[in-house]
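Hi,

Here is the structure I promised to pass on to you. Have a look at it first, and then read my notes below.

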Amino acid sequence: MTIRTPNIEKALTEYENSQQNYILPLEKDDSFKVHYIDNGTEFTIGIPGENSIIFVMKGKILIQKDDSEHKLFDDNSMFFISKVFGPYKSTTKESTIYIELKSDNLLPFIDQVLLNQIVSLYAPDPVELNKLLIKKTLRYFLSGIIYYRRNKIFSKYVYDIKKKEFVFLMRTLYDKQTLAAFFSPVLLSQNHFRIGVLTNYTHNSTVKSLAKNCFMTTKTFTRKFKSEFGTTPHKWIVLQKVKGLEYYLAHQTVSIDNILSEFHFSNMAELLQFCDKHNLMTKLLSK
């Protein structure tokens, strides 16, 4: 049996901390933050210039919307803060624990086209500080986030998985109308060009057809698109098609005929070629 003396324990701790300090800056993720606030504390909630989701795990937060209107959020409630409205002056009415999620960090894991269409269809008027109940399954997930942060697990690889899990849970636990109302402030922070692209996109879209629907020449559209989305419209269109196809292939109830029709593949050979090119063959063959 190995006996560790206090000096050995200290050396091991220092070594582990040095390794942690070496690794973390390379992969640290701050999408989720856990806040512990004493009762009666006045503070500002929300992130300047960013959209965020707040999950009240314990306690009560009173938010001042304006000089005359206040809104109370107690434990097991969540709400979306738009960068257009927030941050807000707030006060705790009990000792409080809340989680803050930078929701823009979810964008790589969300089907933005689908979200935009759902919000536009079900909640055209943005709802400020819309309260939503944290369902039991989601609370278990959030408790895991608190545990990770307490134990200094900050790896972006871990939290990329957690972001995907959160998106899946939201889509599974809440219906479209509820999600639309909750995420409706997202549209406020998007410019008209982005909204136009997301609204007009279909799985049959081309650069030329999107440009036409946005009332622009292809050249002007491409230039504006690259500035807004940070990539070319062709690459973005292909990525949306891959994401959409992944979603359809994952659902066993969707037939191959439905997929051919929805994504405008002329035949099975064209679908196979697309899946092979974009690493979707395994998912296709599993249907």
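Leu129 counts as buried, at 1% relative accessibility (buried means under 20% relative accessible area, exposed over 50%, and partly exposed in between, with a 1.4 Å probe and protein chains only). Leu129 sits in the loop between α2 and β9 (132-133), and its phi is near 55°, a positive value in a residue other than glycine. Helices (H or I, at least four residues) and strands (E, at least two) are DSSP runs, numbered from the N terminus.

Before you go further, please note that this is a predicted model, where local features need pLDDT of at least 70, side-chain atom pairs count only at pLDDT 80 or more, and totals for chains, interfaces and linings use all residues. Residues are numbered from 1 along each chain as its sequence is written, and side-chain values use heavy atoms, with hydrogens and water left out.

Phe215 also has a positive phi in a residue other than glycine, near 60°. Its place is the loop between α7 (207-213) and α8 (218-229), and at 78% relative accessibility Phe215 counts as exposed.

The peptide bond from Gly86 to Pro87 is cis, with omega near -5°.

Now for a pair of helices. The axes of α2 (residues 112-122) and α6 (residues 192-200) come within 8 Å and cross at roughly 95°; axes are lines fitted to C-alpha atoms, for helices over the stretch in contact, and angles run from 0 to 180 degrees between N-to-C directions. The two helices are therefore roughly perpendicular to each other (65 to 115 degrees; under 35 is roughly parallel, over 145 roughly antiparallel, and the rest oblique). Gln112, Val113, Asn116 and Gln117 of α2 make the contact with Arg194, Ile195, Leu198 and Thr199 of α6, where contact means heavy atoms within 4.5 Å.

Ser120 and Thr199 are 79 residues apart in sequence and 8.3 Å apart in space, C-alpha to C-alpha.

How many disulfides does a search of the whole structure find? The count is 0, a disulfide being a pair of cysteine sulfur atoms within 2.5 Å. Cys214 is buried at 14% relative accessible area, and Cys275 is buried at 0%.

Finally, the protein chain has 12 helices and 9 strands, and buried residues make up 39% of its 287 residues.

Best wishes
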